[in-house]
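Please look over the structure below before reading the briefing. The points after it are grouped by topic.

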Amino acid sequence: RLMPSLLDILPLSKKVRLGGGQEVEFFGLSAREIGALIMRFPDAQTLLTGSSPASIVDVFPELAAAAIVASAHAEGPEEEEAVANWSGADQSLALSAIAEMSLPASIAGPFAAVFAGAPAAALPSIPADLSTNLPEQSTG
């Protein structure tokens with residue numbers, strides 16, 4: 001076979017060394033996992049569009065912890081509570097790795113800017129045709 005089966009493609013992962021010296025492996029989040037996070041935290045969706053009365057401070061801590069736990073293939077409120085108590089530096093390292101593996105550069109920028117506290121109106125628009133930003137694929 002010239003091309004692998006879609007069943008053979010493994011999710012991207014990256015090991016990150018956190019402040020205490022522990023190394024944790026994070027996996028890219030699928031569209032389904034990102035959708036589940038947005039459904040679980042509806043203020044995150046409206047925050048991204050700029051139509052939310054919620055502030056980044058209201059939404060981000062729980063959303064970040066849930067995303068980190070999901071990416072590490074862990075689960076449960078105890079895991080999320082533990083991650084919520086990580087240092088900001090460790091959370092930032094984890095979220096950077098997750099964004100790198102989950103979203104193309106053309107989309108990750110606006111999400112990262114929102115998480116950094118930029119107002120939604122100041123964010124760059126996401127191109128309607130993302131294919132113009134993707135690497136060229138060989139045809140054979």
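This is a predicted model: local features need pLDDT of at least 70, side-chain atom pairs count only at pLDDT 80 or more; totals for chains, interfaces and linings use all residues.

Residues are numbered from 1 along each chain as its sequence is written, and side-chain values use heavy atoms, with hydrogens and water left out.

**Strands S1 and S2**

- Helices (H or I, at least four residues) and strands (E, at least two) are DSSP runs, numbered from the N terminus.
- Strand S2 (residues 23-27) runs antiparallel to S1, and 5 bridges join them; two strands pair if DSSP finds at least two bridges between them.
- Lysine 14 has phenylalanine 26 as its bridge partner in S2.
- The hairpin of S1 and S2 has 5 residues between the strands, and in this hairpin glycine 21 takes a positive phi near 90°.

**Salt bridges**

- The structure holds 3 salt bridges, a salt bridge being a side-chain nitrogen of Lys or Arg within 4 Å of a carboxyl oxygen of Asp or Glu.
- Lysine 14 pairs with glutamate 100, and their closest N and O atoms are 2.9 Å apart. Lysine 14 lies in strand S1 (residues 13-17) and glutamate 100 in helix H5, so this pair ties together parts that are 86 residues apart in sequence.
- Lysine 14 is partly exposed at 34% relative accessible area, whereas glutamate 100 is exposed at 53%. Here buried means under 20% relative accessible area, exposed over 50%, and partly exposed in between (1.4 Å probe, protein chains only).
- Arginine 40 forms a salt bridge with glutamate 80, with the closest N and O atoms 2.7 Å apart. Arginine 40 belongs to helix H1 (residues 31-40) and glutamate 80 to helix H4 (residues 77-84), so the pair ties together parts 40 residues apart in sequence.
- Arginine 40 is partly exposed, with a relative accessible area of 46%, but glutamate 80 is buried, at 17%.
- Arginine 17 forms a salt bridge with glutamate 23, where the closest N and O atoms are 3.4 Å apart. Arginine 17 counts as exposed at 53% relative accessibility, and glutamate 23 as partly exposed at 45%.

**Nonpolar core**

- A nonpolar core is a set of buried Ala, Val, Leu, Ile, Met, Phe, Trp, Tyr and Cys residues joined through side-chain atoms within 4.5 Å.
- The largest such core has 22 residues, and Phe26, Leu37, Phe41, Leu63, Ile68, Leu95 and Ile98 touch the most other members. Helices H3 (56-71) and H5 are the elements that give two or more residues to this core, and H3 gives the most, with 9 residues.
- Not counting residues up to four places away in sequence, isoleucine 98 touches Phe26, Leu29, Ala67, Ile68 and Ser71; contact means heavy atoms within 4.5 Å.

**Two residues of helix H5**

- Serine 102 is in helix H5 (residues 88-102) and is buried, with a relative accessible area of 17%.
- The side chain of serine 102 reaches the backbone nitrogen of leucine 29 at 2.6 Å. Apart from neighbours within four places in sequence, serine 102 is in contact with Gly28, Leu29 and Ile34.
- Aspartate 90, also found in helix H5, is buried yet has no salt bridge, and the nearest side chain of opposite charge, arginine 17, is 10 Å away. For charge, Lys and Arg count as positive and Asp and Glu as negative, with His and the chain ends not counted.
- Leaving out neighbours within four places in sequence, aspartate 90 is in contact with Leu18 and Gly19.

Technical notes:
A polar contact is a pair of N or O atoms within 3.5 Å; within protein, one must be able to donate a hydrogen and the other to accept it, and residues adjacent in sequence count only if both atoms are side-chain atoms.
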